[in-house]
Amino acid sequence: MNNDKKKNLLLGDQAIALGAINAGLSGVYAYPGTPSTEITEYIQEHPLAKERGIHSKWCTNEKTAMEAALGMSYAGKRALVCMKHVGLNVAADAFVNSAMTGVNGGLIVVVADDPSMHSSQNEQDSRFYGKFAMMPTLEPSSQQEAYDMMKYAYDLSEKMRLPVLMRVVTRMAHSRAVVECDETINENPLNPAENRADWVLLPVNARRRNIEVINQQEELKRLSEEHARLTIKGKGLPGIITCGIAYNYVMENIGDDANYNILKINQYPLPAKAISELAENSSEILVAEDGQPFAEEQILGILPHAVTVKGRLSGALPRTGELDPDNVRAALGIPPRPANTKPEAVVPRPPALCQGCGHRDVYEILNNVIKEYPGARVFSDIGCYTLGALPPFRAIDSCVDMGASITMAKGAADAGLAYPVAVIGDSTFTHSGITGLLDAVNSNSPITVIISDNLTTAMTGGQDSAGTNRLESICLGIGVEKEHVKTVVPIPSNHAEIADIIRGELAYKGVSVIIPRRECIQTLRRKNKKQNA
């Protein structure tokens, strides 16, 4: 089937999605997480994806997404997994072991890293996971490369019988460029794997597969050398090694005709031969990479004392935060551009919960009640409601990772803390809070869990939430006593009643769950607008 050759203006995320569709995708598996969310959303709305019935329903979390995609690969179809960088921590068990099972149909794991932590808890670099799992890793430098890499990645995955990790960063995911499409190919036929031993990771099989994957590394290195782009302008010139989006910042500053030797890397393991050749011809090397000094650390091992290597570790580039054209310019020793002396047009405004949001009512009530219990602590979670840590509420005492509110409250109760409260959203609860609640039930922990239910995954734009209209059943099924599962409507006229319910559950020396339920104001507005239209 031929796709129109027209050019498309696409986000990096959308270029990845369209590249996957056109490469014969059969299913995308994901949990929404900025900056990766738009990949799945684009596939969900694409006409060809709908025509072909490409699976695109949101998963409960990243681990279930990775496992389901692996199952589709087992059946011989091409699958895509999408997540943000911290989501890869959740999927890590299945992700790392997928290199041991290998794949049948092509399997691509797209992870969107978030340097500068625009909407994340840390700046971890997913390339380390690729190296740890011994699987090939790709990193595009443009939207066109992101699109083109998808077909190459699926072919590579099926050729090497390995999953492929594609790493992008926020600026790649959320910036737009013109992308020209290739032909669309058909999906793989159903063809379940026959090599049963590879998929059963008993130690006897895993030990064999471990050796096989290690033996594949030389071929992966050769392919990295083949796809590296090395330009030697002259002996003794300064050298630059760029990875992914950093290539754009380098070229913006030096142009095509500058006197630098340049090595552009888009595939890992690192191309050691190309790096050595660059070093032989260069007076020094600057390593420009967005994220942690992943390549720089390895290059220092490849080139011990042969040439001066500068980058994030040396201080030539900032150790934290995103790269940008200006800090790359400074690292190259190029004078800065004239400063922009215009006054700021927009006054900085801190994030806040939306007016009319049910979380606001929850925190207002909770703050008033908690004042009556000296020593009480509120353990919160990842979601819109994390903004309860900021003014005017300042209502929470912790926020670590998805699902941690319940287990931290349990641990604090185990330590003897009186009146521990956990606040968690509906989507986060089904993502990774259920098992923590089961631990609390099994220990009969004296904790109060507030599942603030806005009937959606609001923080990432209003995607479906896995537990909608099932939270009470889930809690009862886990073993929370029926009389201690309370559902309330968080509106001003109910504040006094809800406050009394919270007081009663704080007094109970066991597990209690309160579910304040009111639809997200933003999804409600969009729904009403759509209905009116």
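Is His484 buried or exposed? His484 is buried, with a relative accessible area of 13%. Buried means under 20% relative accessible area, exposed means over 50%, and partly exposed lies in between (1.4 Å probe, protein chains only).

This is a predicted model, in which local features need pLDDT of at least 70, side-chain atom pairs count only at pLDDT 80 or more, and totals for chains, interfaces and linings use all residues. Residues are numbered from 1 along each chain as its sequence is written, and side-chain values use heavy atoms, with hydrogens and water left out.

## The chain as a whole

The chain has 20 helices and 18 strands. Helices (H or I, at least four residues) and strands (E, at least two) are DSSP runs, numbered from the N terminus. The C-alpha atoms fill a box of roughly 80 × 65 × 55 Å, taken along the principal axes.

Of the 533 residues, 55% are buried.

Contact means heavy atoms within 4.5 Å. Among contacts in the chain with a separation of 6 or more, 78% join residues 24 or more positions apart.

## Nonpolar cores

A nonpolar core is a set of buried Ala, Val, Leu, Ile, Met, Phe, Trp, Tyr and Cys residues joined through side-chain atoms within 4.5 Å. In soluble globular proteins, nonpolar side chains tend to be buried together.

The largest core here has 89 residues. Ile43, Leu80, Phe95, Ile108 and Ile254 have the most contacts inside it. Helix H7 (residues 143-160) gives the most to this core, with eight residues. Ile43 touches Leu80, and its other partners include Ala17, Ile21 and Ile54, not counting residues up to four places away in sequence.

Another core lies apart from the largest one.

## Aromatic pairs

A pair of aromatic rings is described by the distance of the centres and the angle of the planes. Rings of Phe, Tyr and Trp (its six-membered ring) pair if their centres lie within 6.5 Å; planes under 30 degrees apart count as stacked, over 60 as edge-to-face and the rest as tilted. By this rule there are six aromatic pairs. Two of them are set out below.

| Pair | Centre to centre | Angle between planes | Type |
|---|---|---|---|
| Tyr74 and Trp199 | 5.0 Å | 90 degrees | edge-to-face |
| Phe128 and Phe294 | 5.0 Å | 85 degrees | edge-to-face |

Tyr74 lies in helix H4 (residues 62-74) and Trp199 in helix H9 (residues 196-199), so this pair ties together parts that are 125 residues apart in sequence. Tyr74 is partly exposed at 34% relative accessibility. Trp199 is buried at 18%.

The pair of Phe128 and Phe294 also links distant parts of the chain. Phe128 is in helix H6 (residues 127-133) and Phe294 in helix H13 (residues 294-302), 166 residues apart. Phe128 is partly exposed, at 32%, while Phe294 is buried, at 3%. Together with Tyr268, these two residues form one aromatic cluster.

## Cysteines

A disulfide is a covalent bond between the sulfur atoms of two cysteines. Here the term is given to a pair of cysteine sulfur atoms within 2.5 Å. How many disulfides does the whole structure hold? The search finds zero.

Cys181 has its closest cysteine sulfur in Cys82, at 17 Å, so the two are too far apart for a bond. Cys181 is buried, at 1% relative accessibility. For Cys399, the nearest cysteine sulfur is that of Cys384, 12 Å away. Cys399 is partly exposed, at 31%.

His484 sits in the loop between helix H18 (471-478) and strand S17 (485-488). Leaving out residues up to four places away in sequence, His484 touches Glu505, Tyr508, Val511, Ser512 and Val513.

Leu471 lies in helix H18. Leu471 is buried, with a relative accessible area of 0%. Its contacts include Phe429, Thr430, Ile451 and Ile515, again not counting residues up to four places away in sequence. Leu471 and Thr430 are 41 residues apart along the chain, and their C-alpha atoms are separated by 8.5 Å.
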